[in-house]
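Please keep the sequence and the 3D view at hand while reading.

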There are 2 protein chains.
Amino acid sequence: MTIGSLAEATQTRVETVRWYEKVGLLPPPARSSGNYRLYGPEHLRRLSFIRRGRALGFTVEQIRDLLALADDRERSCGEVDTIARAHLADVERKLADLTRLASELREVIGQCGCGSVADCRIIEALSPSGEPA
Amino acid sequence: MTIGSLAEATQTRVETVRWYEKVGLLPPPARSSGNYRLYGPEHLRRLSFIRRGRALGFTVEQIRDLLALADDRERSCGEVDTIARAHLADVERKLADLTRLASELREVIGQCGCGSVADCRIIEALSPSGEPA
DNA sequence: CATGCACCCTGTAGTCACTACAGGGTCAAG
DNA sequence: CTTGACCCTGTAGTGACTACAGGGTGCATG
């Protein structure tokens with residue numbers, strides 16, 4: 001399996017696959033006579049894991065930890081649970097922030113009468129103490 | 001007003017103030033005999049505008065545009081409205097993404113029986129076709 | 001007058017997770 | 001034998017800062 005096929009199979013860019021190798025998430029594969037990377041099914045599994053983790057918003061460092069835990073199959077699942085819960089808490093914080101932000105934005109936009117900038121409420125809302133910038 | 005007071009007044013780091021100057025959001029202020037930056041009330045107003053915009057999630061480029069529009073007070077408010085609406089649409093997209101993500105995470109976490117990694121549902125959920133990594 | 005300390009200066013490099021080249025090599029089809 | 005798709009390495013860029021390193025300034029205290 002060349003890097004192109006692996007990338008296609010996992011919906012990843014070729015450069016990204018090489019980057020995962022560089023930062024140590026994906027082990028260096030064998031090389032062909034022409035120095036092409038040759039991947040096996042284990043690489044496909046590992047890269048799929050990485051991509052799914054990224055899609056769920058885990059950082060690369062969290063995925064590195066999860067991979068290390070997944071490799072050590074005897075270990076208790078507790079640490080995995082801890083990482084996942086910490087991440088969920090993070091996502092929920094961001095969600096709350098964005099919700100607040102969206103409602104502030106909607107309010108600001110609703111006030112715009114669309115006259116001239118001189119009396120634009122959006123600009124006013126951005127300026128300190130409602131004064132134009 | 002030195003850079004430190006300005007930074008404190010706007011809840012900004014000193015380095016960030018200097019960075020806004022470097023990228024052209026904040027005009028270069030006068031200098032003291034000892035080469036210290038000296039800011040006036042206009043700088044305070046402009047920096048407050050920038051910080052409020054950032055807090056609302058506008059990018060630096062969007063703020064650059066908003067500042068240019070705000071400076072040209074004759075112009076119609078339409079462009080300001082366009083920028084704000086585009087940003088709101090962006091925020092709403094992110095909000096939808098995060099909401100989906102949080103529910104997926106909650107599901108994954110709920111499945112973890114916290115035994116050994118070998119039968120950890122979180123790891124399985126991250127692996128392709130439910131198979132361990 | 002000397003010292004110390006908080007503050008300021010410039011400039012560069014690092015963060016995160018990639019992305020985008022530049023400048024070349026390899027391979028299979030026509 | 002040439003074309004074109006693919007691959008290689010290495011470096012630099014993205015956004016919005018942040019973190020130094022290595023120095024200068026300004027003011028209070030001894």
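Helices are DSSP runs of at least four residues, numbered from the N terminus. The model described here is predicted.

**Surface near DNA strand D**
- DNA strand D is surrounded by 21 residues, and the closest are Thr2(A), Gly4(A), Arg37(A), Gly34(B) and Thr59(B).
- Helices H1 (3–9) and H2 (14–22) of chain A, and helices H2 (14–22) and H4 (60–71) of chain B, each supply at least two residues of this surface.
- H2(B) gives the largest share, three residues.
- By class, this surface has six nonpolar, nine polar and six charged residues.

**Contact between chains A and B**
- In chain A, 52 residues are in contact with 52 residues of chain B.
- On the chain A side, two or more residues come from each of helix H3 (41–55), helix H4 (60–71), helix H5 (78–110) and helix H6 (121–126).
- The largest share of that side, 20 residues, comes from H5(A).
- The chain A side divides into 29 nonpolar, ten polar and 13 charged residues.

**Helix H4 of chain B**
- Ile63(B), Leu66(B), Leu69(B) and Ala70(B) are buried in H4(B).
- These residues lie on the same side of H4(B), because they cover an arc of only 120° around the axis.
- Glu61(B), Ala68(B) and Asp71(B), on the other side of H4(B), are exposed.
- The cover over the buried residues of H4(B) includes H6 of chain A, together with helix H3 (41–55) and helix H5 (78–110) of chain B.

Technical notes:
Residues numbered from 1 in each chain as written. Chains lettered and ligands numbered in written order. Predicted model: local features only at pLDDT ≥ 70, side-chain atom pairs only at ≥ 80, totals over all residues. Contact = placed C-beta atoms within 7 Å. Nonpolar A, V, L, I, M, F, W, Y, C, P; charged D, E, K, R; others polar. Near = placed C-beta within 6 Å. Buried ≥ 20, exposed ≤ 12 C-beta atoms within 10 Å, placed from the backbone. Arc of directions from axis to C-beta.
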